[in-house]
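This report is written for a reader new to the structure. Please look over the sequence and the model before reading on.

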Amino acid sequence: MATFSYPSIAEPSRILLFDKDKCVGCNVCVNTCSSDVMIPNPEKGGEPIVLFAEECWFCGSCVQECPHKALTLIPTASQRISTIWRRKATGEEFRMGMLDPPEPNTTPPVGRNH
Amino acid sequence: MNWHEYVNKTGKLPEWPYEVNYGKENVIESDVLVVGGGVAGCRAAISAAQHGVSVVVADRGFVKHSGQGGAGVDHWHGAVRNPCSKITPEMYSDVAMQVSGGYTNGAARYIIGMEGWDTLLELEQMGLQIRDEEGEFKDTIWRDEETKLLFAYDVDNKHCLRIYGNNVKPVVAREMLSMGVKVYERICVSSLLTENGVKGTRVIGATGVNDRTGEFYIFKAKAVVLATGGGSRLGSFAPFMTSGSAMTDINLVNMGHTIAWNAGAEMVMMEALTPEFGMGTGLGYAPYSMGNTDNTYQGARVVDTNLKYVPYANTKGELLTEEKQIFQAADPDKFVIGHGIGLATPVTSDYNVTTLDPKLAEKIRSGEYSLPLYDDFAGMPEKSRKIIWNLMLAQEGKCRVPIFENLQAWGFDPSQDMLQYAISADNGIHARTSWLAPEQTPKTWVSTKRQGGVFTDWRLQSSLPGLFVAGGNPLFGSGCHGEAQTTGRYCGRQAAVFAKNHPAVEPERGQIDREKDEVYTPVTKGGDVGWHEFNAALARVFQDYWNVKTEEIFDRGLIRMADLRRTEGNRMYANNPHELARAIECYRLTDLASCYWQSAKARKGSSKLLGFMRIDYPNVDEPEWHKFLPVSQTEKGVSVREAPCDYYLRDPYLTTLHDNYVKYAELD
């Protein structure tokens, strides 16, 4: 693969992870974003392109609207390394983005709007 | 995928995906135009449409989720007329005035008190859950068994509600669209049109640019509701970094304040602007991701690293022993007015929320407690834990996905875990707030806290006929989410009545041409300054000439900003309509700065209440300066007027809150 010339881009590097098995390139996420940080992929059905990652304020609306549940919102590394919790009984420490995380907690919010 | 991944994969740069037509005109006519389609704008549009007029909304983003209230809400303030409340609209309005030393919008606070509960009930009819229908919080201090309402802050007086507001924006947007309101999205509105194109006259429309196509929009209307948001890019060196922002996305540049100022509307309290952490752009912790005890997290049990319990205290500094006391006023004659309603620097702490032990920082430094601190969810009773994590956090703006879902996806389990605080021993740690990102870099200037905005009358009409002002920001002294919906709903009604009684007026072509000439500069003149660099430069000027306050410094600020606008401003470039809209926002930020400086020049005195301290006029809060100073631009220059803080109870108005409300509220 060719090595391209790129300008240096400040953080964040990746704000969204698209599940390749689920994303059908419907662009609902593109059109949900009020800051317009994505553009459709020129290839029909391809996953959208994140063009203005730094303008994302991490509201998560695109994740909520994705009809295929293909999106994961990725906090910046500085936010992942600072969001820490401790298991009270064992003293173990965890954080967002850790290696070998514990099982996800699937407890839903209360109420009916989820 | 990321942009560079696409390039690596295909060997090509992606072309701009939308057809671009810079300058192509679209003319949109309606009875009422709403500028800003957040919760206030949607409620204004719904209420105007209910009154039988045609309505158009121009929004910067995508109305289903846009705006400061677009990501959700957990508290509903000002529902003082709910059947359980012991607070009256008079008490609510009077206390708001009292704790802010008179520097808030007493008329708007009363309107909010009168209509906040009705506004919420309508929201329930639209489909939003506002009650604990399943009884999940049965037999708790927060629930009323009959109405199933859940209370926050004050379980005795019951005027502030906990609601299930994560999907509030989809609900109001759906209702609005079902009523035939026409919505134009991705429009960067940059000017108001005035009669004969003259500053200080009736408002008859607006203009804007689409950030995908670059096309120009001319909105003509008989009445206009301004329902825009706050902003923070004016003072930020990294305005493009928004990951640490709790309530202010990058689109928010106080555009409503600025276009009202440019049209000649009177502005007040704009001089009350101080740097704030966390609410604006910049780098910081993920908002709401850190342990704390404020607002959304109020009632969380806190321990230190050795699991030593940290007690709460009331506003008298008395340490509390029972959970219920956290949600009670220290003095039974008072009530807890709550956080997040835009009342800064309270004159008295009597109505404040409870915090942790105010001596906490001292006790950390002396070794009595050891860092880090934690929110000990695991040590809380199940319902106490769930009402914070599974209700408030899961509903609050910008929390459902980035905090609730993300932390749980990484295994966070509040029934077993404790959430770490930011490591700090600063004096404010006992009252650490949940929406802020403390230690954020850089500090930014946000208008949201201090409540400067457009001066209004009892109809929430500005000094310009036909321009009504709603929402938590452009309307001076008005509050937060519930208040935005309530004032939006009220303004929609007022604008509809105005539109029925006033004929349409054709805008002056010269005003439109002047606006077009300016806003398309970055794609017609071929410059070499990008918007990021220009935004940082205007932040440099604003920081330099705002932090230190003297008449000469303000004057120099005005000169330096005009220089920047004339020189580098005319050399801005934009590669596509998206960047063009950002550049236009930067132009308006230079205008906004002049509004701040002119407002500052008008106040020849210092004020702790306003957070406004001048070197050349050091006397603080002198009685002769205890007043509003409505400042406006006219064709001849800047005009300053005086208005007492209780102007809404003086000539030409009636002498009581309620009589004025009945006279002006346009009740059906």
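With which residues is T104(B) in contact, leaving aside its neighbours within four places in sequence? They are A96(B), M97(B), R109(B), M269(B), L343(B), F476(B), G477(B) and F628(B), where contact means heavy atoms within 4.5 Å.

## Basis of the report

This is a predicted model, in which local features need pLDDT of at least 70 and side-chain atom pairs count only at pLDDT 80 or more, while totals for chains, interfaces and linings use all residues. Residues are numbered from 1 along each chain as its sequence is written, chains are lettered from A and ligands numbered from 1 in the order in which they are written, and side-chain values use heavy atoms, with hydrogens and water left out.

T104(B) lies in the loop between α3 (89-99) and α4 (106-126) of chain B. Helices (H or I, at least four residues) and strands (E, at least two) are DSSP runs, numbered from the N terminus.

T104(B) counts as buried because its relative accessibility is 1%; buried means under 20% relative accessible area, exposed over 50%, and partly exposed in between (1.4 Å probe, protein chains only). Its side chain makes a polar contact with the side chain of R109(B), at 3.1 Å. A polar contact is a pair of N or O atoms within 3.5 Å; within protein, one must be able to donate a hydrogen and the other to accept it, and residues adjacent in sequence count only if both atoms are side-chain atoms.

## Strand β8 and its partners

Strand β8 (residues 203-210) of chain B is largely enclosed by the rest of the structure, because eight of its eight residues are buried. Two strands pair if DSSP finds at least two bridges between them. β8(B) pairs with strand β7 (residues 187-194) of chain B in the antiparallel sense over seven bridges, and L193(B) stands opposite G205(B).

β8(B) is also joined to strand β9 (residues 216-226) of chain B by five bridges, again antiparallel. Here T207(B) stands opposite I218(B). The two strands β8(B) and β9(B) form a hairpin with five residues between them, and G214(B) in the turn has a positive phi of about 75°.

## A three-stranded sheet

Chain B also has an open sheet of three strands in the order β3-β5-β4, with antiparallel pairing. Its edge strands, each pairing on one side only, are β3 (75-76) and β4 (150-151) of chain B. Two bridges link β4(B) to strand β5 (residues 161-162) of chain B, and L150(B) has R162(B) as its bridge partner.

## Where the chains meet

In the interface, 86 residues of chain B are in contact with 70 residues of chain A. The area buried between the chains is about 6,700 Å², of which carbon and sulfur atoms give 52%; buried area is the accessible area (1.4 Å probe) that two parts lose on being put together, summed over both. M1(B), W3(B) and W410(B) supply 12% of the area that chain B buries against chain A, more than any other three residues.

The rule finds eight salt bridges across this interface, a salt bridge being a side-chain nitrogen of Lys or Arg within 4 Å of a carboxyl oxygen of Asp or Glu. The side chains of R212(B) and D36(A) meet in a salt bridge at 2.9 Å, N to O. Strand pairing crosses between the chains as well: strand β5 (residues 84-87) of chain A and β17(B) pair in the antiparallel sense over three bridges, with W85(A) opposite L419(B).
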